[in-house]
Amino acid sequence: PHNYYVWNTDQIRHFDNKFDYIKRIVDRYNGYMFALPRHRPLVEKSFQMFAHDWHHLSGIGHREVALGVRKILQDVAPDGPPSEPRLHDWHMRDSCETWFATGQCPVPFTGEDTRMVIFQGFVGQG
């Protein structure tokens, strides 16, 4: 479904600069980072990591992420997770919401000029 494509020099330079910038921040704070592999100069293998909507990962992409995150976790905690992983209680609980399909955000947000955009043509695909 994806067409043949070759990364051009400007795209490669832009990606490398962005990657290096983020990596410096991660290193500064002793963090960990995973990036999907980028196949050069041909990107046909990279295309396989994404669904037809170019936003979501395919099965191959999910596998790449899972293997990469598992490797990070094994490197960081080879004996498994700590028995008491929390540093402190977090009173504002986490949640995950999606607005891609409808443009409706179920949680409050501020900003007079804020507008949710519906990605028309991709609803129900992925």
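Read along the sequence, the chain follows the pattern α-α-α, with 3 helices and 0 strands; helices (H or I, at least four residues) and strands (E, at least two) are DSSP runs, numbered from the N terminus. The model is predicted, so that local features need pLDDT of at least 70 and side-chain atom pairs count only at pLDDT 80 or more, while totals for chains, interfaces and linings use all residues. Residues are numbered from 1 along each chain as its sequence is written, and side-chain values use heavy atoms, with hydrogens and water left out. Of the 126 residues in the chain, 10% are buried; buried means under 20% relative accessible area, exposed over 50%, and partly exposed in between (1.4 Å probe, protein chains only).

Helix H1 covers residues 9–28. Two salt bridges, each defined by a side-chain nitrogen of Lys or Arg within 4 Å of a carboxyl oxygen of Asp or Glu, may be considered here. Aspartate 10 and arginine 13 are joined in one, at 3.1 Å from N to O; both residues lie in H1, 3 residues apart, about one turn of the helix. Aspartate 10 counts as exposed because its relative accessibility is 54%, whereas arginine 13, at 46%, is partly exposed. Lysine 23 pairs with aspartate 27, their closest N and O atoms being 2.9 Å apart, and these two residues of H1 are separated by 4 positions. An α-helix has 3.6 residues a turn, so residues three or four places apart point the same way.

Isoleucine 25 also belongs to H1 and, at 37% relative accessibility, is partly exposed. Together with Tyr21, Ile22 and Tyr29, Ile25 makes a nonpolar surface patch of about 440 Å². Such patches consist of residues with over 30% relative accessible area and no salt bridge, like charges being joined within 9 Å and nonpolar side chains (Val, Leu, Ile, Met, Phe, Trp, Tyr) within 5 Å.

Helix H3 comprises the 18 residues 59–76, for which 1.5 Å a residue gives a span of 26 Å, in agreement with the 26 Å between its end C-alpha atoms; the expected span is 1.5 Å times one less than the number of residues. Gly61, Gly68 and Ile72 are the buried residues of H3. Seen down the helix axis, these residues fall within an arc of 40°, so they line one face of H3; the arc is that of the directions from the axis to the C-beta atoms. On the other side, Gly59, Arg63 and Leu73 are exposed. Within H3, lysine 71 and aspartate 75 lie 4 residues apart and form a salt bridge of 2.8 Å, N to O.

Conventions: Areas by Shrake-Rupley, 256 points an atom, 1.4 Å probe, with all protein chains shown as cover.
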